[in-house]
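Trainee: I have a new model open and would like to go through it with you. Could you help me find my way around?

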Amino acid sequence: MMCTVCGCGEGETTIEGEAHSHDHHHEHAHGHPPPHHHHDGVHHYGLGPAHAHAPGLSQARMVSIEQDILAKNDEYAAANRRRLAERGVLALNLVSSPGSGKTTLLTRTLTDLAGRWPMAVIEGDQQTSQDAERIRATGVRAVQINTGKGCHLDAHMVGHALERLEPEAGSLLFIENVGNLVCPAGFDLGEAHKVVILSVTEGEDKPLKYPDMFHAADLMILNKTDLLPHLQFDVEQCIEYARRVNPRIKVLRLSATTGEGMESWYEWLDASRRLAALGA
């Protein structure tokens, strides 16, 4: 069955090989609510009327279901945020399309900052643990979440991962979300900031095509700038589009491959940690 709002199929979420279930109340596409019990699968939902394609359910009913799901997610996110704050952990939700260089950015960051701050990673993918293994190769602890057919992490999954990971007090926690610029925009995980990574190999109009994500992000990283001489990518136009959607968004330009501009990212991380320590 397809979920009423997002359209992701039912699947099974695993955290380091262990299956986890959710208790989201939802209705299937045929309009009948299932029994109220835990499932072996996890159901995923996105945002907005563009996703409303469930025969037999009115738009008003689908909006009501969506609001219930997001409200439950926000409860889990608030619990995650309290847990992180109690330990002084700064959590960042890294979001992007597939192929943006997100994992390369993350592994270089972990390598370059080794010994400067304690760090940990929650790695989200639909399948495989390859990215988590790349992260562990840097010496940083990581927990893998595989979402199956799900297109995003949610706060319940992250809460389970936090129980397993137990990030060190005062650490920097990176949550690498599933590659997708749609559904992750609407799901608070308990993070301090969403950081959207956009490769210059993508179109400069991505902020206009996926406005919810760029509106939700505090920082946009333009990655792979070393390739600009070989591309027709208008950097200033891209930044203008991003600020049209979100006037407060900060923008950094860098290449995780060559290291160009990475120091500005590390300065942003340091400033964010300082603000978090002050409770700002």
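Trainee: Let's begin with charges, then; how many salt bridges does the structure hold?
Mentor: There are twelve salt bridges in the structure, and please keep in mind throughout that we are looking at a predicted model.

Trainee: Can you show me one, say the bridge of Glu-75?
Mentor: The side chain of Glu-75 meets that of Lys-72 in a salt bridge, with 3.5 Å from N to O. Both residues belong to helix α1, which covers residues 59-86, and because they are three residues apart there, about one helical turn separates them.

Trainee: And is Lys-72 buried, exposed or partly exposed?
Mentor: Lys-72 counts as partly exposed, because its relative accessibility is 30%.

Trainee: What about Lys-194, which side chain does that one meet?
Mentor: Lys-194 forms a salt bridge with Glu-191, at 2.8 Å from N to O, and here both Lys-194 and Glu-191 are buried.

Trainee: One more of these, please: where does Lys-209 find its partner?
Mentor: Its partner is Asp-205, and the salt bridge between the two side chains spans 3.7 Å from N to O. Lys-209 is exposed, at a relative accessible area of 55%, whereas Asp-205, at 27%, counts as partly exposed.

Trainee: Changing topic, what is the chain built from in terms of helices and strands?
Mentor: The chain has eight helices and nine strands, and of its 280 residues 52% are buried. If you take the contacts in the chain with a separation of 6 or more, 72% of them are between residues 24 or more positions apart.

Trainee: Which residues touch the most others in the largest nonpolar core?
Mentor: That core has 27 residues, and the ones touching the most other members are Leu-92, Phe-174, Trp-265 and Leu-269. Several elements each supply at least two of the core residues, among them the strands β3 (90-96), β4 (119-125) and β6 (172-176), together with the helices α2 (102-112) and α8 (262-277). Helix α8 gives the most, with five residues.

Trainee: How many aromatic pairs does the structure hold?
Mentor: It holds one aromatic pair. This is the pair of Trp-265 and Trp-268, whose ring centres are 5.8 Å apart and whose planes are at 10°, so the pair is stacked.

Trainee: Where do those two sit relative to each other along helix α8?
Mentor: They are three residues apart in helix α8, so about one helical turn separates Trp-265 from Trp-268. Trp-268 counts as buried too, with 11% relative accessibility.

Trainee: I also clicked on Trp-117; which residue lies over its face?
Mentor: That is Arg-116, which lies over the face of Trp-117 at 5.5 Å from the ring centre.

Trainee: Now the backbone: what stands out about the phi of Glu-166?
Mentor: Phi of Glu-166 is near 45°, a positive value although the residue is not a glycine. Most residues other than glycine have a negative phi. Glu-166 is found in the loop between α4 (155-165) and β6, and at 59% relative accessibility it counts as exposed.

Trainee: And Lys-224, what is its phi?
Mentor: Lys-224, again not a glycine, has a positive phi of about 65°. Its place is in the loop between β8 and α7 (235-245), and Lys-224 counts as partly exposed at 22% relative accessibility.

Trainee: Why should I be careful where pLDDT is low?
Mentor: Because where pLDDT is low, the predicted coordinates should not be read in detail.

Definitions and conventions. Residues are numbered from 1 along each chain as its sequence is written. This is a predicted model: local features need pLDDT of at least 70, side-chain atom pairs count only at pLDDT 80 or more; totals for chains, interfaces and linings use all residues. Side-chain values use heavy atoms; hydrogens and water are left out. A salt bridge is a side-chain nitrogen of Lys or Arg within 4 Å of a carboxyl oxygen of Asp or Glu. Helices (H or I, at least four residues) and strands (E, at least two) are DSSP runs, numbered from the N terminus. Buried means under 20% relative accessible area, exposed over 50%, partly exposed in between (1.4 Å probe, protein chains only). A nonpolar core is a set of buried Ala, Val, Leu, Ile, Met, Phe, Trp, Tyr and Cys residues joined through side-chain atoms within 4.5 Å. Rings of Phe, Tyr and Trp (its six-membered ring) pair if their centres lie within 6.5 Å; planes under 30 degrees apart count as stacked, over 60 as edge-to-face and the rest as tilted. A charge sits over a ring if NZ of Lys or CZ of Arg is within 6 Å of the ring centre and within 35 degrees of the ring normal. Contact means heavy atoms within 4.5 Å.
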